[in-house]
Amino acid sequence: MSCWADPSPTTNVGLMIEARKASVWKNRYDIMADGRRLATWDGSSWKAGGTVELDGRRYEVRANMWGSRYGMVNEDGTRIASADRVGRKKWTVEADGRTSEFRRASVWRQEEELHSGGRSVGSVRRKSIWRGDAVADLPGLPLSVQVFVLAVVLTKWDSDAAVAATAG
């Protein structure tokens, strides 16, 4: 795992972002920081993935059939980031030639931790199981990668909840 040192304006080191579910009926989230909307995540209802609007740009997040690999591409199809082994205890995100490691914090709660040097340095966690909102504290990651990670985790959690609802 490496530290991110992206000097671009989309790097917000120390910025905590929050995903607020826009509707109970849709997989749409407003991604906020300091009370202002940074992006909108619009998850697909029929397949894993969706679109994100960030800094006036549209990105598409696509998943493989099993929802274990995700990729984010910009409007011209250039890959921005990818995630591998999503849903496993340990999984990774790669962007700009750098790899970040994530670990599921517990089977009992919805939280994924960002690890560096063998210790937790950040996380994505549900604020409430009833509303669906989540908060991400991913220091050092470029904003586009933070939003990608948040979208992937939300998609996984929403998919798991849909499977549980149909099984019960």
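Where is the place of Asp-96? Asp-96 sits in the loop between E8 and strand E9 (98-104). This is a predicted model, so to speak of local features takes pLDDT of at least 70, side-chain atom pairs count only at pLDDT 80 or more, and totals for chains, interfaces and linings use all residues. Residues are numbered from 1 along each chain as its sequence is written, and side-chain values use heavy atoms, with hydrogens and water left out.

**Strand E1 and its partners**

- Strands here are DSSP runs (E, at least two residues), numbered from the N terminus, and two of them pair if DSSP finds at least two bridges between them.
- E1 (residues 16-21) pairs with strand E12 (residues 134-137) in the antiparallel sense, over four bridges.
- E1 also pairs with strand E2 (residues 28-33), again antiparallel and over four bridges.
- Getting from E1 to E2 takes a hairpin of six residues.
- Ala-19 is a handy one to click on: Ala-134 stands opposite in E12, and Ile-31 is the bridge partner of Ala-19 in E2.

- Arg-85 has phi near 70 degrees, a positive value, and is not a glycine.
- You'll find Arg-85 in the loop between strand E7 (79-84) and strand E8 (90-95).
- Arg-85 is partly exposed, at a relative accessible area of 43% (buried means under 20%, exposed over 50%, partly exposed in between, using a 1.4 Å probe and protein chains only).
- Asp-96 isn't a glycine either, yet its phi is positive at about 55 degrees.
- Asp-96 counts as exposed, with 58% relative accessibility.
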